[in-house]
Amino acid sequence: GPCTECPCSSGKEPDKDPSHTKKKENGDRLCIPKIFFGTRTHKQITQISRELKRTAYSCVPMTILSSRDYTCIHPVVSNSSNRNEMCVELLEGKHGKSCSYYHGVHKLSEHHALQPVYQAWDIEDLVSLGRRLRACPYFAARELMVGADIVFCPYNYLLDPQIRDSMDIKLKDQVVILDEAHNIEDCARESVSYGVTESQLRAAREELDFMVNNDIRQKHHEPLRAVCCSLI
């Protein structure tokens, strides 16, 4: 029979409660879990969102979390090799400039084309609409997560604690689906790995030499220097 818990069963507009809670009969609050759907690549998210359009759940509130590489539309930042840092600098107004696209986020996140009464959308739809409205797709997608029933994102958004924290993703009591989960091991390894060059190791060893020779926290710096030397 038809489901009774989600908006699609009645054809009514979904509950706009941003905290995703409903009242129980005894007055307590019942948390409605979100579905976090993790994929290996952004391209796969596009494929899955297209499949979602073909189901009875096409009008369920959703969002897609992705990096600035895919969703930044600022003419200078989007062409930079270091989009994240440039974006943060603009938002902090370090050079006396700000991002007009960021200040227009509400125009995009509240636009009717992204509301549940319309069909599921993908990253291209979001970016195209963002360009038309001159509003930031990256932050609009994050804002839409508050009221979303299903959130699509790459694996590392769910596995990497730093990304989870920066994106304000809370997985406790939520539903997590991992597409092609045999790739998780590699992704988990990458999330806790860090790459360094030989020149960086040599520079670190020189710094540590200085610390040890000047008796600055010697017992902490000597083992680190030994690691650098062994790697070099």
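This is a predicted model: local features need pLDDT of at least 70, side-chain atom pairs count only at pLDDT 80 or more; totals for chains, interfaces and linings use all residues.
Trainee: Which residue forms a salt bridge with arginine 40, and where do the two partners lie?

Mentor: Arginine 40 pairs with glutamate 180, and their closest N and O atoms are 3.9 Å apart, which counts because the cut-off is 4 Å. The pair links distant parts of the chain, 140 residues apart, with arginine 40 in the loop between strand E3 and helix H1 and glutamate 180 in the loop between strand E6 and helix H10.

Trainee: Is arginine 40 buried, exposed or partly exposed?

Mentor: Buried means under 20% relative accessible area and exposed means over 50%, with partly exposed in between, so arginine 40, at 45%, counts as partly exposed. Glutamate 180 is also partly exposed, with a relative accessible area of 33%.

Trainee: What does the salt bridge between aspartate 125 and lysine 53 tie together?

Mentor: The closest N and O atoms of aspartate 125 and lysine 53 are 3.8 Å apart. Because aspartate 125 lies in helix H6 and lysine 53 in helix H1, the pair ties together parts that are 72 residues apart in sequence. Aspartate 125 is partly exposed at 34%, and lysine 53 is partly exposed at 28%.

Trainee: Where do arginine 189 and aspartate 186 lie?

Mentor: Both lie in helix H10, 3 residues apart, which is about one turn of the helix, and their side chains meet in a salt bridge with an N to O distance of 2.6 Å. Arginine 189 is partly exposed at 48%, as is aspartate 186 at 44%.

Trainee: Turning to the rings, how many aromatic pairs are there, and why is the pair of phenylalanine 37 and phenylalanine 152 given the class it has?

Mentor: The count comes to 3 aromatic pairs. The ring centres of phenylalanine 37 and phenylalanine 152 are 5.6 Å apart and their planes are at 50 degrees, so this pair is tilted. The pair links strand E3, which holds phenylalanine 37, with strand E5, which holds phenylalanine 152, 115 residues apart. Phenylalanine 37 is buried at 16% relative accessibility, and phenylalanine 152 is buried at 2%.

Trainee: Which class of aromatic pair do tyrosine 138 and phenylalanine 139 form?

Mentor: Their pair is edge-to-face, with 4.9 Å from centre to centre and 85 degrees between the planes. Both tyrosine 138 and phenylalanine 139 are buried, and together with Tyr102 they form one aromatic cluster.

Methods. Residues are numbered from 1 along each chain as its sequence is written. Side-chain values use heavy atoms; hydrogens and water are left out. Helices (H or I, at least four residues) and strands (E, at least two) are DSSP runs, numbered from the N terminus. Buried means under 20% relative accessible area, exposed over 50%, partly exposed in between (1.4 Å probe, protein chains only). Rings of Phe, Tyr and Trp (its six-membered ring) pair if their centres lie within 6.5 Å; planes under 30 degrees apart count as stacked, over 60 as edge-to-face and the rest as tilted.
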